[in-house]
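Confidence comes before the fold and the contact.

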Amino acid sequence: MLTDRHREQLLGYTMIAPVAIFLAALVAYPFLSAIYLSLTEKIVGYPAHFVGLRNYANLLDSGRFRIVAWNSAVFTVASIAVKLVIGMAMALALHQVVRGNQFIRGILLLPWIIPTVVIALTWKWLLDLFRGLVNVTLIDVGVVKSGVHWLGDPSLAMLSVVMANIWRGFPFFGVSFLAALQTVPQELYDAADVDGAGSWQKFWRITLPSIKSVVAVVTLLSTIVTLNDFNIVFIMTRGGPGAATHIFATYSYELGIMSQRWGVAMAASMASLPLVALLIVGVVRYLHREEE
Amino acid sequence: MSTLTRLTPLAVLLIVVVALVAPDPGPTAGAGKLSLWRLKTYIPPADKILDANAQECAKKAGMELAIQTYTFDDMWTKYTAAIESKTLPDIAELDAVGPARLANLGRLSDMSDVVGGVTKELGPILANAEGAVKFGGKYYAVPHYGIPLVLFYRKDILEKIGAEPPDTWEAIQQISQKVKQAGIHDFPNGFPWNRTGDGYDPAMSLLWSYGAAWVDKSGKFTGIPKGPAVQALKVVTSAYLVDKTAAFDYLSWSGSTNNESFMAGKITFTPNGPSILFQEESNKHPLQKDTAIKLMPKGPAGRNLALTFVMNWGVPVDGKQQKEAKAVVGCIMSRTQWMKYMTGSFQQAVPLFARPLDDPYWNTPNGKTIVETVKLGHPVGWPGPTTPAAAEVVSSNVLTDMITQVIVDKVTPEAAVDEANKRIKEIYDRLPVK
């Protein structure tokens, strides 16, 4: 005979079972399956053979993978750093605007709601050597004599894909920071005014400490998304010129789909996992500390 | 309310969810239904004719036909998922490397009987198309058509600088320099050594025309011979590094950017399928009168062109109605249906069987060049047959990476060839040729 407590427990487990099943099926299974595949020699159509860490060892030994890892780091760090600055500036500016705030916020959100494919194609066209608006404008106003090789020069190609990524992602930072700014009590600023604090001091001593949890979470989420970005690079440069913009996602695609080598492709896409895991642990622990 | 009563809606919800996520019974579960996957080409009117032909053939076989399409970009994404989930279509149009890959997996039916029937109507299969579909004495796919890559050039510009249409890789460089010096185009040489067919197809033609294949006649790895390969690399990379007649941006082009740049009047040369001719004709493009095509260049070892864009019909073993699927393929390749398709393809669909090549339809200056290109073309992995390893050399961009390493990473041609050989050897070690 079940006691009331047991009945309650049973009901509780039953209620959370669907969510647990869904999480297991949609998150845990693919994730664990990807980790397992990364430890196998898996060619599409053939059974997987366990090879331990061989795929990772081979990747570390591969000059190409090292280029890809470096490119991914540059792409992610540069994108996040600039998105952070622009997003903060956007939030601070919007926080001051009284009239038309909603309208401006809507306009600034546009890049975030436009499909990434459209953004990538638009940037590709804007930066086209011959017909791109950027080059045509620069030539017309006499800044340059001939078109700039935005997508051809290795450094500029990286800069170009980073610019497109920033343009797409900064509204997420801006809107999140703005929401956080609106929770900072006005009294703190009033008190700072009485003490004679300047704008810069108020930002460093009041604003930033008050919203730092949001900044940490937004940066973490955006780092994960940016590190796994595929569309922008694939559409704008296909990883070129050469391997100058080849990043984890495009490299994994090349290995997994074009070369049909799932095992090593999974290993390539898992390579950033330790770093991301460390970031997640760091941010979560920091948030816990803040809460306490 | 009892616990059980409260849980009833939850149970119903679970049943509904399970029903919704239950696996699809697959395309062939219903009797009388076939699925066909085909390439979506740059010639929509031709695609329409092919679909109508396929539907007519399915009707004759007493079947319903569901057609799905893919582009060159998403073809292997679609096939990879289908191979793993064992849901390949009943009829699959496969690219140049598809039959080798799928046959090696044991996933394609023997199509020798269908090929036999088609040869009766369309004549013998071209020897250079055979390497991509015949393995171990059996045909695992029926060659559908080839899209030859030809050299597009601006005849008005060549006339202006008094140059003959180029016939060698060196001549393209020299003429490009003249065009640049004349101030007509800053970067006339539109050869993109990129990660698309417009990159790797000319890369094979280049290397082979210098005698730098990576396999022997049996398809086994021998390594790219350094001397000829270095010579070839020096010729084409000088356009980027020395003469500056090609822009680095070309290395990041997509499959259509060279078409667009040529039609925008920004480049003098580019390799492409005949689709530019169709686009110019259908848009009454002002450059149509100035656009000309020629066979891709020859080198010291001859004109050894690659025939990379070849489509083939395969019948995967996953299907339960293979007899009907084969009947549909046979019908699509029957003389009546094929001629309808070929003559509506704006000269893009070149037959890979001998008889239709002699049709008066090809008796135009462009038509003759296109047919000649197919006749001279070699399959991926030449001088051997197309093997899974050869397929991977192409799909992992080893050849174009070798060229771009010299251009972008400033690696010496010798070191780039060494690196390419290392990568190719690793592929052949992993996928040994049987």
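In this predicted model, pLDDT (the predictor's confidence in each residue, from 0 to 100) stays under 50 over residues 16-30 of chain B. For that stretch the model has twelve contacts beyond four places in sequence, two residues being in contact if their C-beta atoms, placed from the backbone, lie within 7 Å. Where pLDDT is low, the predicted coordinates should not be read in detail.

**Conventions**
- Residues are numbered from 1 along each chain as its sequence is written, while chains are lettered from A and ligands numbered from 1 in the order in which they are written.
- Because this is a predicted model, local features need pLDDT of at least 70 and side-chain atom pairs count only at pLDDT 80 or more, whereas totals for chains, interfaces and linings use all residues.

**Confidence**
- Chain B has a mean pLDDT of 91, with 93% of its residues at 70 or more.
- Within chain B, confidence is lowest in helix 1, at a mean of 49, and highest in strand 3 (residues 91-94), at 98.
- Residues 1-5 of chain B have pLDDT below 50, and this stretch has three contacts in the model beyond near neighbours in sequence.
- For the complex, the predictor gives an ipTM of 0.80 and a pTM of 0.84.

**Fold of chain B**
- Chain B has 19 helices and ten strands; helices (H or I, at least four residues) and strands (E, at least two) are DSSP runs, numbered from the N terminus.
- The radius of gyration of chain B, 24 Å, is close to the 22 Å that the globule rule gives for 434 residues, so chain B is as compact as a globular protein of that length. The radius is taken over C-alpha atoms, and the rule is 2.2 Å times the number of residues to the power 0.38.
- Of the 434 residues of chain B, 54% are buried, meaning that 20 or more other C-beta atoms, placed from the backbone, lie within 10 Å of a residue's own.

**Helix 9 of chain B**
- In helix 9 of chain B, 13 of the 13 residues are buried.
- G211(B), with a positive phi near 75°, follows helix 9 of chain B.

**Contact between the chains**
- Chain B puts 31 residues into the contact and chain A 28 residues.
- On the chain B side, helix 1 (3-21), helix 3 (75-85), helix 17 (388-395) and helix 18 (398-407) each supply at least two residues.
- Helix 3 of chain B gives the most to this side, with five residues.

Technical notes: A residue is buried if 20 or more other C-beta atoms lie within 10 Å of its own, exposed if 12 or fewer, and partly exposed in between; C-beta atoms are placed from the backbone.
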